[in-house]
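User: Hi! Could you walk me through this one?
Analyst: Happy to. Here it is.
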Amino acid sequence: MTRLITAIAALVGVTAGASASAASFNGTFWDAPANSLATISDAISFATSNAADASFSATTINYGNDGTFLIGSLADFLNADAGSIVGDGSVNFQESVLRLTGYSFLTTGDEITVTSDDGFLLNIGGAEFSRFEALRGPTGTTSTIFTGPTGRYAVEMWYFEGNPTQARLETNLAPAPVPLPAGGLLLLTALAGGGALARCRKTA
Ligand SMILES: [Ca+2]
Ligand SMILES: [Ca+2]
Ligand SMILES: [Ca+2]
């Protein structure tokens, strides 16, 4: 019986692990008009009152053209994540807004860094965690210590490119793997349990 329970646990564990989806944030992109964004507040106002222009999956937030950070297309900016763009990746990135949403696993005392040209706003667990309001160059970095309890948190990052010439977004905030929905896990447990019961009857 102990062996049977171990087998069920292994089966459920393996299946749940294989079904957990890849870690990513949901990315949304808005193409803003020339000279319309001077602050992250401007950017959020624009995005919340205009339809988005593209979406993408954010896995590695290391965005901007290598070394120079000169503004190119949306696809140029997203680097390794460019392949996930749904929409037109060739649109010029000058004056634009990004929103990243998802979950992160954070440990008390973590230092979260955001290097951005231009500004950003990071909300963690529904509350403002860090922010840089206006324009800055591509080496501008904001570091903030996470003082909350260790755990999994909903995160939302807003970012804008407001001109001139350069754009960059890099952060050590990493997406957490998306857990299997509760319903899916129950179904797997039921399937594994049913199979084990069938084996029990056969050998009895
Ligand atoms: Ca690039
Ligand atoms: Ca634009
Ligand atoms: Ca800029």
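User: What share of the 204 residues in the protein chain is buried?
Analyst: Buried residues come to 29%; buried here means 20 or more other C-beta atoms within 10 Å of the residue's own, with C-beta atoms placed from the backbone. This is a predicted model, where local features need pLDDT of at least 70, side-chain atom pairs count only at pLDDT 80 or more, and totals for chains, interfaces and linings use all residues. Residues are numbered from 1 along each chain as its sequence is written, while chains are lettered from A and ligands numbered from 1 in the order in which they are written.
User: Thanks! How many helices and strands are there?
Analyst: The protein chain has 4 helices and 11 strands, taken as DSSP runs (H or I, at least four residues; E, at least two) and numbered from the N terminus.
User: Which residues are buried in helix 2?
Analyst: In helix 2, residues 40-48, those are Ile 40, Ala 43 and Ala 47. They line one face of the helix, because they fall within an arc of 55 degrees seen down its axis, going by the directions from the axis to the C-beta atoms.
User: And what do they pack against?
Analyst: Several strands, including strand 1 (25-31), strand 5 (96-106) and strand 10 (151-161); contact means C-beta atoms, placed from the backbone, within 7 Å.
User: Switching to sheets, what is the order of the open one with 4 strands?
Analyst: The order is 3-11-6-9, with antiparallel pairing; strands pair if DSSP finds at least two bridges between them. Strand 3 (62-63) and strand 9 (141-145) are the edges, each pairing on one side only.
User: What is the bridge partner of Thr 113 in strand 9?
Analyst: Ser 143. Strands 6 and 9 pair over 5 bridges.

Conventions: A residue is buried if 20 or more other C-beta atoms lie within 10 Å of its own, exposed if 12 or fewer, and partly exposed in between; C-beta atoms are placed from the backbone. Two residues are in contact if their C-beta atoms, placed from the backbone, lie within 7 Å.
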